[in-house]
Amino acid sequence: MINILSVNCELALAPYLAESLGEFIEQGSTASRVVRQGGSGLIIRSDGPLLLLRHQDREAALEVEGARHYRATVEFRRVFYSVERLSDEVVFTSVGRGLLLSHPQSMMWFDTHALSAILSAVNGPAGETAPEGPALPDWLQVSAGGGRLLISDRRTGRWVLLGSDHLSELNRRLESLEGSYEPGHTATPPTVAVKGLVIHLQSAFRLARALEAFAESGQVDAYEDAAPGYYLKVGRAVEGMELVDSRLRVGMTAREARKWAAIIRDELSQLEAEELERGEIRTVFARGEGGRWVLHAGDEVLVPEGMRARLTSSGGDLNDCAIDRPALGEIDGFTLLLQEKTGGCVALTREELEKFVKEENRQG
């Protein structure tokens, strides 16, 4: 998935996002467009100095510097997962040992066995598998003829009609997928508990400041902190302050606010956490089991111990990716780290990278 502040959308939208982000960065505006992939739509338009995105009732607004940051993460995902848009708006995406096939109305997922069976069917009579090929899964139906291939998923009713260029791409993808690996267990970053609420570290510093301000002055700095995967709203209530996430609402008096602010600060100190802000981009570094986390709004990447030296080397080799560490690369002056299984991708400026590496050296 692709995270842009509060917006979370499909990898199949990467080619469209990269185009619009590039136009906005280079020209200061972009043509309004509504893009559909996988049955859902993405609205992209510019409004003065802002690029506006809307997807499934979530919105994000980017200035030019924010657009540069997210163009780098979108482009890195597009290259790493080989996201390609072909004719008829059919998009291919390789994830692990699977293939995501998307078009405006729906999307379909195939493992290597199903993909082999589909390609075998192209060489046999219409709707049948070639004798030497693997058997089609019960849920999969194919019909080949006239250089085109109709694929249907009986479980969902989804279907896609492919042409000769798509068939050539399927053959190419199968070869690369058979040589890939399945990612292992993915760690999750630590969180802070506040009266039953789960506070993500990306929100913890701001919440601590809001609690401290309320405890000192009685004033509530109301705000909403939304990202794919978490939501936190801070506002005024009868008790003085209220905190709301996607599950619970809790009240907070000034005395409680002082106590909980101290607890949050202590937790952050124990995790050796630090917050950096760059326009609308908020970055948090924090210690985790076996490494150190780099956290953005909806993106979370664990940098394992021992990977520090590679971060300061120029460039990055996308092929040099292992199960136990994120992929590394450079785009437009950003150093990028991508966690393959989750799709989490962070982009660090040179100053942020130097600070991260300096912290790692100090702690090591």
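Trainee: In which strand is the place of L232?
Mentor: L232 belongs to strand β17, residues 230–237. Helices (H or I, at least four residues) and strands (E, at least two) are DSSP runs, numbered from the N terminus. The model is predicted, with local features needing pLDDT of at least 70 and side-chain atom pairs counting only at pLDDT 80 or more, while totals for chains, interfaces and linings use all residues. Residues are numbered from 1 along each chain as its sequence is written, and side-chain values use heavy atoms, with hydrogens and water left out.

Trainee: Does L232 count as buried or exposed, and why?
Mentor: L232 counts as buried because its relative accessibility is 3%. Buried means under 20% relative accessible area, exposed over 50%, and partly exposed in between (1.4 Å probe, protein chains only).

Trainee: What does L232 touch?
Mentor: Leaving out residues up to four places away in sequence, L232 touches I199, S203, L207, Y223, E224, D225, L243 and V244. Contact here means heavy atoms within 4.5 Å. The C-alpha atoms of L232 and H200 are 9.2 Å apart, although 32 residues separate the two along the chain.

Trainee: Let us turn to the whole chain. What does its secondary structure come to?
Mentor: The chain has eight helices and 26 strands. Of its 364 residues, 52% are buried. Among contacts between residues at least 6 apart in sequence, 53% join residues at least 24 apart.

Trainee: How do helix α1 and helix α2 cross?
Mentor: The axes of α1 (residues 14–27) and α2 (residues 64–80) come within 9 Å and cross at roughly 150 degrees. That angle makes α1 roughly antiparallel to α2, a label for angles over 145 degrees. Axes are lines fitted to C-alpha atoms, for helices over the stretch in contact, and angles run from 0 to 180 degrees between N-to-C directions.

Trainee: Which residues of α1 and α2 make the contact?
Mentor: From α1, they are A14, L17, A18, L21, G22, F24, I25 and E26; from α2, they are V64, A67, R68, Y70, R71, V74, E75 and R78. These residues divide into 10 nonpolar, one polar and five charged. Ala, Val, Leu, Ile, Met, Phe, Trp, Tyr, Cys and Pro count as nonpolar, Asp, Glu, Lys and Arg as charged, and the others, Gly among them, as polar.

Trainee: Next, the sheets. In what order do β11, β12 and β13 stand?
Mentor: The three strands form an open sheet in the order β11-β12-β13, with antiparallel pairing. Two strands pair if DSSP finds at least two bridges between them. β11 (140–145) and β13 (158–162) are at the edges with a single partner strand each, so one side of each lacks a neighbour in the sheet. β12 (residues 148–153) and β13 pair over five bridges, and L149 has L162 in β13 as its bridge partner.

Trainee: Which helix lies across β11 and β12?
Mentor: Helix α3, residues 112–122, lies across them and runs at about 30 degrees to β11.

Trainee: How many residues of β25 are buried?
Mentor: Five of the five residues in β25 (residues 334–338) are buried. F334, L336 and L338 lie on one side, with T335 and L337 on the other. In a regular strand the side chains alternate between the two faces of the sheet.

Trainee: What lies between β25 and β26?
Mentor: Six residues lie between the two strands of this hairpin, and G343 in the turn has a positive phi of about 80 degrees.

How values were computed
Parallel < 35°, antiparallel > 145°, perpendicular 65-115°, else oblique.
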